[in-house]
Amino acid sequence: MSQAVGQQHPISVYLKIWTLLFILSTFSYLVDFYEVQSYLRWSLILLFMFLKAGLIIAIFMHLAWERLALIYTILMPPLTILVLIALMAVEADYINLSRILYFKVV
Amino acid sequence: MSSTATEQTTGIKSLVDDWSADKQTFDVPWGKLMMWIFLLSDTFIFSIFLTAYMSVRMTTTVDWPPTSEVFSLMIAGHHVPLLLIAIMTFILITSSGTMAMAVNYAYQGDRKKVFVLMVITAVLGASFVGMQAFEWTKLIVDEGVRPWSNPMGAEQFGASFFMITGFHGLHVTAGVIYLAIIAKRVRNGYYEKKGYHIVEITGLYWHFVDLVWVFIFAFFYLW
């Protein structure tokens, strides 16, 4: 088994990302605290979520410094989940509509 | 093709070379690759939980309980929304930071610092689980939330909540035990000959637990 050199990066990189994650978490908490609603709320939540997730995967988990062969192996399969989410969203919408129509609940 | 020739390529060319050349595809230690594959499967499990949660929340005709209020804490007579959850989030991020530093010191061969940082990470993780236990107790005993019903709104709230946070809490608990074992071995010098990739592998698992929490925080608590 080949022994690739372990991931080594200056501590300062981690401290910066750590700070960034703190700031982003505070932002997403503030979204709730100030009761931002509707589309602005959802887009802000998603934005901060993806930024945080990206930083953790890329820097803390070192994926940004791995070879493409590994990066694609890890990032491609989860894309299928998007298909599942899309399908389930359509189906859930339909079920919700049916319940309102036939169970007389509003 | 010799492996030295392929390792020099970058970008898409490196992808093609790694997969097609007569050599090992992934240029990482075996354990690390296996951890990544495991985390990939775990990604699917958590995604399915969250998708199920999305489905029940979308299909129900009853209002979803207002999470911001359900998870608020009374501080000095005021309801502070999601306070405990915010603290838990910061604790988990901090533990990820100490873990990242532990990985760094591991490759520098500083066993003492690795041990201390991993123990700090484990203690932070344990406190996260403690807070979660507190939150569960509050919800079950004070608020009367059950997997099949709750006084605040849609019935599916309890099932989704206990399933998702429970499974995540289980991961944190397992991570704390994993960290404790590896930290002890690092201190004893168990990895002096084998090398310190294990600390990076443990780190991958721990960061993943933090990563999952980012999604739970966004979709379950904030949405």
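Analyst: This is a predicted model. Just past α7(B), B:Gly189 adopts a positive phi of about 80°.

User: What makes α7 of chain B a helix of the expected span?

Analyst: Helix α7 of chain B covers residues 156-188, which is 33 residues. The expected span is 1.5 Å times one less than the number of residues. That gives 48 Å for this helix, and its first and last C-alpha atoms are 48 Å apart. The helix is therefore close to the expected span.

User: What is the helix and strand count of chain A, and how is the chain divided?

Analyst: Chain A has 4 helices and 0 strands. Along the sequence the pattern is α-α-α-α. Domain 1 runs over 8-66 and domain 2 over 76-106. Their C-alpha centres lie 28 Å apart.

User: What makes a residue of chain A count as buried, and what percentage qualifies?

Analyst: A buried residue has 20 or more other C-beta atoms within 10 Å of its own. In chain A, 20% of the 106 residues are buried.

User: Why is the largest set of buried nonpolar residues called a core?

Analyst: Because its members are buried nonpolar residues joined through C-beta atoms within 7 Å. The largest such core holds 68 residues. B:Ala102, B:Val114, B:Met118, B:Val199 and B:Phe217 touch the most other members. Helices α1 and α2 of chain A each supply at least two residues, as do α3, α5, α6, α7 and α8 of chain B. The most come from α8(B), with 18 residues.

User: Which residues does B:Val114 touch?

Analyst: Leaving out residues up to four places away in sequence, B:Val114 touches B:Ala102, B:Tyr105, B:Ala106, B:Val186 and B:Val199.

User: How do you know how confident the predictor is in each chain?

Analyst: From pLDDT, on a scale from 0 to 100. Chain A has a mean of 90, with 93% of its residues at 70 or more. Chain B averages 91, with 97% scoring at least 70. Within chain A, helix α1 is lowest at a mean of 92, and helix α4 is highest at 95. The model scores ipTM 0.91 and pTM 0.91.

Definitions and conventions: Residues are numbered from 1 along each chain as its sequence is written. Chains are lettered from A and ligands numbered from 1 in the order in which they are written. This is a predicted model: local features need pLDDT of at least 70, side-chain atom pairs count only at pLDDT 80 or more; totals for chains, interfaces and linings use all residues. Domain bounds come from an automatic or database domain assignment. A residue is buried if 20 or more other C-beta atoms lie within 10 Å of its own, exposed if 12 or fewer, and partly exposed in between; C-beta atoms are placed from the backbone. Two residues are in contact if their C-beta atoms, placed from the backbone, lie within 7 Å.
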